[in-house]
Amino acid sequence: MASASQTKLLTELLNLESVKVTKYQNLPGIGLILHLEPLTRKASCDRCGQKSQKIHQNHRYLVKDLPMSGQPVYLEVNRRQFKCENCKKPFSEELNFVKKRRKYTSRLSTEIIRQVLADDIKTVAENNDVSSEEIETMLKDRAKELTREKPLGLRKLGID
Ligand SMILES: [Zn+2]
């Protein structure tokens, strides 16, 4: 069992806002698994914007993060489902470091794209133990974000 000072140190090393490390495991041949819990008690409904703190259920799963000192790192995240008191429907919270339906952190995606731009997809996939398909998804997501970042007038011109 990890002590409070160990988890505090790991939270600092992890360097992600809005979460804390509660537990860790070092699995030989797999890597370091950090168990995370959100620091916030509330989340905003994605339909109406109402803030809620009524937890519907916890949803814990593993995502791949940047390696630490050459060791693979996986984060066990908890993307909680809240029940909106306004819509009466459950919604799942946004996490600012991993997108919904993605099995890797946004900063890992940024790092991999940086490598792809300097190398070919197959080599980068092997170096980071992710699939070429995942890299293609990262590139598509990034391209979508870049399109969204364009000024509105310009985007309209492009579509029409
Ligand atoms: Zn709502």
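Predicted model: local features only at pLDDT ≥ 70, side-chain atom pairs only at ≥ 80, totals over all residues.
Me: Happy with that. Where is Lys88 placed, and what is its phi?

Reply: Lys88 lies in the loop between strand S8 (81-83) and strand S9 (90-92). Its phi is near 65 degrees, a positive value in a residue other than glycine.

Me: Is Lys88 buried or exposed?

Reply: The cut-off for exposed is over 50% relative accessible area. Lys88 has 58% relative accessibility, so it counts as exposed.

Me: Which loop holds Arg101, and what is its phi?

Reply: Arg101 is in the loop between S9 and helix H2 (106-118), and its phi is near 60 degrees, again positive in a residue other than glycine. Arg101 is exposed too, because its relative accessible area is 75%.

Me: On to the helices. How do I read the crossing of H2 and H3?

Reply: Look at the axis distance and the angle. The axes of H2 and H3 (residues 121-128) come within 8 Å and cross at roughly 140 degrees, which means H2 is oblique to H3. The crossing is right-handed.

Me: Which residues meet there?

Reply: From H2 come Ile112, Gln115 and Val116, and they meet Ile121, Val124 and Asn128 of H3. By class, the residues of this contact are four nonpolar, two polar and no charged.

Me: And at what angle do H3 and H4 cross?

Reply: Roughly 110 degrees, with the axes of H3 and H4 (residues 132-149) coming within 9 Å. The two helices are therefore roughly perpendicular to each other. In this contact Ile121, Lys122, Val124 and Ala125 of H3 meet Ser132, Ile135, Glu136 and Leu139 of H4. The classes here are five nonpolar, one polar and two charged residues.

Me: How do I find the buried side of a helix?

Reply: Here is the general idea: an α-helix has 3.6 residues a turn, so residues three or four places apart point the same way. In H3, the buried residues are Val124, Ala125 and Asn128. They lie on the same side of H3, because they cover an arc of only 105 degrees around the axis.

Me: What covers those buried residues, and which exposed residues face away?

Reply: The cover includes strand S6 (60-68), H2 and H4. The face of H3 turned away from the buried side carries exposed Lys122, Glu126 and Asn127.

Terms used. Residues numbered from 1 in each chain as written. Heavy atoms only, no water. Helix = DSSP H or I, 4+ residues; strand = E, 2+ residues; numbered from the N terminus. Buried < 20%, exposed > 50% of the residue type's maximum accessible area, 1.4 Å probe, protein only. Axes fitted to C-alpha atoms, helices over the stretch in contact; angles between N-to-C directions. Parallel < 35°, antiparallel > 145°, perpendicular 65-115°, else oblique. Left-handed = near helix turned anticlockwise from the far one by under 90°. Contact = heavy atoms within 4.5 Å. Nonpolar A, V, L, I, M, F, W, Y, C, P; charged D, E, K, R; others polar. Arc of directions from axis to C-beta.
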